[in-house]
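Please read them beside the sequence and the coordinates.

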Amino acid sequence: MLLLTDGSMRVRGIRVQGHDEMAMKLLFWELEQHLKSSSGASVVAIDNKIEQAMDLVKSHLMYAVREEVEVLKEQIKELIERNSQLEQENTLLKTLASPEQMAQFQAQVQTGSPPTPQTAATPGPASATTLSQSATHSSGPSA
């Protein structure tokens, strides 16, 4: 009796006798040897292909990450420049604003209400926004 296994590794029995039994044993022995030798080589080949695929994925990911890092560095640089400009403008506006305007601004910040526009009838110096805009426009290159 010759023992065989199916795909789920369950053992099945096949009854052969005499010459057929010897031929079957030889056939299965050769098949087993072939599978062992080819599966070893194919496992190595599959491992190599998996490793190559992983290296390719890794290189593509690294390239994409590097690109994204460069974009983010540029955005950070622009945001730092914009923040610096806004800080300078804020400092200028604070120095040009009257104490009444600063008190009004602080009250608006605390209540969360939007700023009220300055009217021409408001006594005191010109609005800080107007001065800031004229300073900004006059600081550029003149033609």
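1. Of the 143 residues in the protein, 7% are buried (buried is under 20% relative accessible area, exposed over 50%, partly exposed in between; 1.4 Å probe, protein chains only). This is a predicted model: local features need pLDDT of at least 70, side-chain atom pairs count only at pLDDT 80 or more, and totals for chains, interfaces and linings use all residues. Residues are numbered from 1 along each chain as its sequence is written, and side-chain values use heavy atoms, with hydrogens and water left out.

2. There are 3 helices and 2 strands, in the order β-β-α-α-α along the sequence. Helices (H or I, at least four residues) and strands (E, at least two) are DSSP runs, numbered from the N terminus.

3. UniProt, in an unreviewed entry, lists residues 62–96 as "coiled-coil region"; such annotations may be inferred rather than shown by experiment. In the model, residues 62–96 are 100% helix and 0% strand, with the end C-alpha atoms 51 Å apart.

4. A patch of negative charge on the surface consists of Glu70, Glu74, Glu78 and Glu81. Patch residues have over 30% relative accessible area and no salt bridge, with like charges joined within 9 Å and nonpolar side chains (Val, Leu, Ile, Met, Phe, Trp, Tyr) within 5 Å. A salt bridge is a side-chain nitrogen of Lys or Arg within 4 Å of a carboxyl oxygen of Asp or Glu. Glu81 lies in helix α1 (residues 18–96) and is partly exposed at 44%.

5. Ile46, also partly exposed at 48% relative accessibility, is in helix α1. Ile46, Ile50 and Met54 form a nonpolar surface patch with about 310 Å² of accessible area together (Shrake-Rupley method, 1.4 Å probe).

Definitions and conventions. Lys and Arg count as positive and Asp and Glu as negative; His and the chain ends are not counted. The place of a charge is taken as NZ of Lys, CZ of Arg, CG of Asp or CD of Glu.
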